[in-house]
Amino acid sequence: MNIEKIKQGVRGNIGQEIFFYPVIDSTNTVAFEKALNSREGLVIIAESQLKGKGRLGRKWVSPPGLNIYMSIVLKPLIELTDATLITIMAAVACSIALRKISGLEITIKWPNDLIFQNRKIGGILTELKSENKKIVFAVLGIGININADSKDFPEDIRNIATSLKNETKKNFSRTKIIIELLNELNKWYSILNSDPKTVINKWKELASTIGKKVRVETVQENFEGIAQDIDEKGALILKLPAGKQKRIISGDLKELS
Ligand code: BTN
């Protein structure tokens, strides 16, 4: 990974300042610690993580030298109730960047999984600091499996995870991919701040979820139904078997058909 080259290749606020760590607990944790006293767009990149965090308290397996583990400090001007849009925006940017680099049709599973043919190739974890119902900062954590072989994944996720290399049998330059990712993030973040509807529409175009029969597990309850839409705040609109609609802000989704 060549951090100088990344800085030179990036246009926009995100990525002007980059901290690199060979080993770290979690890039999200470090970004969170630095966020208050840093400007928007700070990027933390690690070669490996000892305590990589996934959504819903899960672990994110982060072996050295193979993949991308990166966190970005954002100070968006949007309302706290719109915070899901940060993740939605990031999924759009990542999916577009990865499609450009690999030619693979990488889709999005609500809200933020990056998927290739039913296997997870990347994930996004947004952590927020808020005060008086306002966002103070957001840490956008992105993990993407690039050059990992299937043997590099722990056995329990081997048949649900994949990487760019696994799908194309080619090695990829992580430097080039990070440049592409940061440039797409710069573009879509500025669209988010001016015209969030465009981000939502692009998400719908890239997602695999809409129209599918799904099961959604939320903290309180589980639901099954047809994923009908996402609304202007990024919440999933589920059509329940009885015909009623259910709006779900956050949860774990499985596509059933
Ligand atoms: C998910 O569960 O799908 C989200 C995974 C997010 C992983 C990334 S890797 C970089 C950043 N640091 C972390 O500890 N997690 C995120």
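The ligand sits in the largest pocket, where a pocket is an open set of points on a 1 Å grid over the protein atoms alone, with protein on both sides within 12 Å along at least five of seven lines. A molecule is counted as sitting in a pocket if more than half of its atoms lie within 2 Å of the grid points of that pocket. The structure is a predicted model, in which local features need pLDDT of at least 70 and side-chain atom pairs count only at pLDDT 80 or more, whereas totals for chains, interfaces and linings use all residues. Residues are numbered from 1 along each chain as its sequence is written, and side-chain values use heavy atoms, with hydrogens and water left out.

Around the ligand there are 20 residues, of which Ser26, Gln49, Lys53, Arg55 and Lys120 come nearest; a residue is near a molecule if one of its heavy atoms lies within 4 Å of it. Polar contacts are pairs of N or O atoms within 3.5 Å. An N or O atom in the side chain of serine 26 is 2.7 Å from an oxygen atom of the ligand, and a polar side-chain atom of glutamine 49 lies 3.0 Å from a ligand nitrogen atom. Arginine 55 places a backbone N or O atom 2.7 Å from an oxygen atom of the ligand. The protein buries 99% of the 420 Å² that the ligand exposes when taken alone, with accessible areas from the Shrake-Rupley method and a 1.4 Å probe.

Two or more residues of the shell come from each of helix H2 (27–35) and strands S3 (68–74), S6 (119–131) and S7 (134–144). Helices (H or I, at least four residues) and strands (E, at least two) are DSSP runs, numbered from the N terminus. Strand S6 gives the most, with four residues.

One aromatic pair is found in the whole structure, pairing being defined by ring centres within 6.5 Å. The ring centres of phenylalanine 32 and phenylalanine 137 are 4.9 Å apart and the planes are at 70°, so the pair is edge-to-face (over 60 degrees; under 30 is stacked and the rest tilted). Phenylalanine 32 belongs to helix H2 and phenylalanine 137 to strand S7, so the pair ties together parts 105 residues apart in sequence.

Technical notes. Polar contact = N/O pair within 3.5 Å; in protein donor to acceptor, adjacent residues only side chain to side chain. 1 Å grid on protein atoms, 1.4 Å probe; cavity = no way out; pocket = protein on both sides within 12 Å on 5 of 7 lines; lining within 4 Å. Phe/Tyr/Trp six-rings, centres within 6.5 Å; stacked < 30°, edge-to-face > 60°.
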